[in-house]
Amino acid sequence: MEKEKPLIVLEAHYNKRNHSRCELYPDRLELFTESTGGLLPIYENKARTIPLRDIRRTVISNGGMGFMGFLSHHPNAIHFITRPDQRPLDDLFRDAAFKSASYIDEGVQQFCAKTNAELTEKLAVATRIRDYIEQYNAADPSS
């Protein structure tokens, strides 16, 4: 049996040993983080599946490239909000206790763009993901 192929994929490479991936399927979203080691692992090796009907809102945050990303007003990421009490994206990223390893638990997929052109491309992919989820949930009477 052939493995199901995702409709849209958004990948981010934090560095050469840490990467994350967001795969959109017709009825679900799959998030993955992986670290292949090193002295300071950023991510944990985790996977999370989110049914599209559980996503209440999708927020794309774009602060531009800024000074190495540190002075951006907003982080560059897409956030899948699944419950009413989930903290806003800006609150999560400004919380010093919120570590990169927890992104997957909060439904956050970073962009980790290295150039403005790459950021523009990742924003377009994130917009396609958001639009698909919104259309899916608008057509699903159970959501």
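Which residue in S7 does alanine 77 stand opposite? In this predicted model, the residue facing alanine 77 is glutamine 110 in S7.

**View 1. The open sheet of three strands.** The strands follow the order S5-S6-S7 and pair in the antiparallel sense. Strand S5 (57-61) and strand S7 (108-110) form the edges, each pairing on one side only. From one strand to the next, the twist averages 15°. Three antiparallel bridges join strand S6 (residues 77-81) to S7.

**View 2. Helix H3 on the sheet.** Helix H3 (residues 116-139) packs on the sheet and touches S5 and S6. The direction of H3 makes about 165° with that of S5.

View 3. Glutamate 118 and lysine 122 meet through their side chains in a salt bridge, at 3.4 Å from N to O. The two residues are four apart in helix H3, and therefore about one helical turn separates them. Glutamate 118 is partly exposed at 24% relative accessibility, whereas lysine 122 is buried at 8%.

**View 4. The salt bridge of glutamate 4 and arginine 28.** The side chains of these residues form a salt bridge of 2.8 Å, N to O. Glutamate 4 lies in the segment before strand S1 (8-15) and arginine 28 in strand S3 (residues 28-35), so the pair ties together parts 24 residues apart in sequence. Arginine 28 counts as buried because its relative accessibility is 18%, while glutamate 4 is partly exposed at 38%. Both belong to a salt-bridge network that links Glu4, Asp27, Arg28 and Glu30.

**View 5. The salt bridge of glutamate 44 and lysine 46.** The closest N and O atoms of this pair are 3.4 Å apart. Glutamate 44 is partly exposed, with a relative accessible area of 41%, and lysine 46 is also partly exposed, at 24%.

Terms used
Residues numbered from 1 in each chain as written. Predicted model: local features only at pLDDT ≥ 70, side-chain atom pairs only at ≥ 80, totals over all residues. Heavy atoms only, no water. Pairing = 2+ DSSP bridges. Axes fitted to C-alpha atoms, helices over the stretch in contact; angles between N-to-C directions. Contact = heavy atoms within 4.5 Å. Salt bridge = Lys/Arg side-chain N within 4 Å of Asp/Glu carboxyl O. Buried < 20%, exposed > 50% of the residue type's maximum accessible area, 1.4 Å probe, protein only.
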